[in-house]
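Subject: Structure handover

Hello,

I am passing on the structure we spoke about. Please open it first, then read the notes under it.

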Amino acid sequence: MPLSPDAPACLTIRRLSGRIGAEIGGVDLGGPLSDETVTAIRQALLANRVIFFRGQGHMTDAQQEAFAGRLGDLVPHPTEKVKAGTMGILELDAAAGNGKADVWHTDVTFVDAYPRYSVLRSIVIPEYGGDTVWASTVAAYHDLSPELKQLAESLWAVHSNKYDYAAQHAHATPEEKAHYERTFAANVYEAQHPVVRIHPETGEKSLVLGYFIQRMVGHNHIDSAALFSLLQNHVIRQENTIRWNWRVGDVAIWDNQATQHYALNDYGGQRRVMRRITIAGEIPVSVDGRRSQMLRSGAA
């Protein structure tokens, strides 16, 4: 996807891998941005799935919100409280028990219209470890055989925030388990999504998977797990991923409609603090035109 001819000359884009990821230079996200610059950033995001900006350490919460608002309407997390004094910033602090997203997932797929984009700013970075890995769910779909594409397009899955936390986080601390039960899973959300959705901006097909899935509709637990594993393994193939080594002041923006991500939990007791904003998305549409739906919304 070429940049707009009106894009500022100072803006640079460096691809980081063959299928996903680019680093953007020459932009101060905390300052005033022209419409042309915002358009160029959005184009780079859609083309590369996730984009990174170094050297944004001067950015304030208010500036992060102002920038994110140029990409769409801000939407708070349905189960977590936003940071005090902000409209939609979720502070991810590993020490507080809510910062270790160490399973493959697409953000908030347990609601029908899950977020379009996420904007993540690094505040405290450990001396070592704590990288994040993203995977392209568009590339994963593209690599499927014709027979697997047909199978995937026929499947629907139920996603929920109430999943087997202990099984997915075998080394979680008591504080992290308590936070999960007290906040994230206190109210249960469930949504039913097609396994293959049509991207509302690019028209591409992508896989909607990740570990918020509970089961495949119409299949028993054993078959659901086998189908999930078969397709999920295509998503997380090395060729489809990019790994980012954080520095303080970095900003990452990803297309949540076309990616999964995984935050590596390999930094021991060191602090790792990030601040995330999500942009409101659209209800996914399947290849045959059906739309995702809520099954359960916030009832304990």
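This is a predicted model: local features need pLDDT of at least 70, side-chain atom pairs count only at pLDDT 80 or more; totals for chains, interfaces and linings use all residues.

Ser 136

Ser 136 belongs to strand 7, which covers residues 132-136. Its relative accessible area is 1%. Because the cut-off for buried is under 20%, Ser 136 counts as buried. The side chain of Ser 136 comes to 3.0 Å from the backbone nitrogen of Ala 139. Once neighbours within four places in sequence are left aside, the contacts of Ser 136 are Arg 19, Ile 20, Arg 49, Val 235, Asn 240 and Ala 258.

Aromatic rings

There are 8 aromatic pairs in the model. One of them joins Phe 52 and Trp 134, with ring centres 5.3 Å apart and 70 degrees between the planes, an edge-to-face arrangement. Phe 52 and Trp 134 are both buried.

Trp 134 also pairs with Trp 246: the centres are 6.4 Å apart and the planes stand at 55 degrees, so this pair is tilted. Here too distant parts of the chain are linked, as Trp 134 is in strand 7 while Trp 246 is in the loop between strand 13 (241-244) and strand 14 (251-255), 112 residues apart. Trp 134 and Trp 246 are both buried.

Which residues make up the aromatic cluster that includes Trp 134? The cluster consists of Phe 52, Trp 134, Trp 244, Trp 246 and Trp 254.

Charge over a ring

Elsewhere, Arg 116 lies over the face of Tyr 117, and the distance to the ring centre is 6.0 Å.

Cavities

Searching the whole structure gives 3 cavities of 30 Å³ or more. The second largest cavity holds about 40 Å³ of space. Its lining is made up of Val 75, Pro 76, His 77, Gly 88, Leu 90, Arg 276, Ile 277 and Thr 278. Which strand gives the most to the lining of the second largest cavity? That is strand 16 (residues 273-279), with 3 residues.

Regards

Key: Residues are numbered from 1 along each chain as its sequence is written. Side-chain values use heavy atoms; hydrogens and water are left out. Helices (H or I, at least four residues) and strands (E, at least two) are DSSP runs, numbered from the N terminus. Buried means under 20% relative accessible area, exposed over 50%, partly exposed in between (1.4 Å probe, protein chains only). A polar contact is a pair of N or O atoms within 3.5 Å; within protein, one must be able to donate a hydrogen and the other to accept it, and residues adjacent in sequence count only if both atoms are side-chain atoms. Contact means heavy atoms within 4.5 Å. Rings of Phe, Tyr and Trp (its six-membered ring) pair if their centres lie within 6.5 Å; planes under 30 degrees apart count as stacked, over 60 as edge-to-face and the rest as tilted. A charge sits over a ring if NZ of Lys or CZ of Arg is within 6 Å of the ring centre and within 35 degrees of the ring normal. On a 1 Å grid over the protein atoms alone, a cavity is a set of points where a 1.4 Å probe fits but cannot get out, and a pocket is an open set with protein on both sides within 12 Å along at least five of seven lines; lining residues have an atom within 4 Å of a point. Grid points are joined across faces, edges and corners, and a volume is the space filled by probe spheres set on the points.
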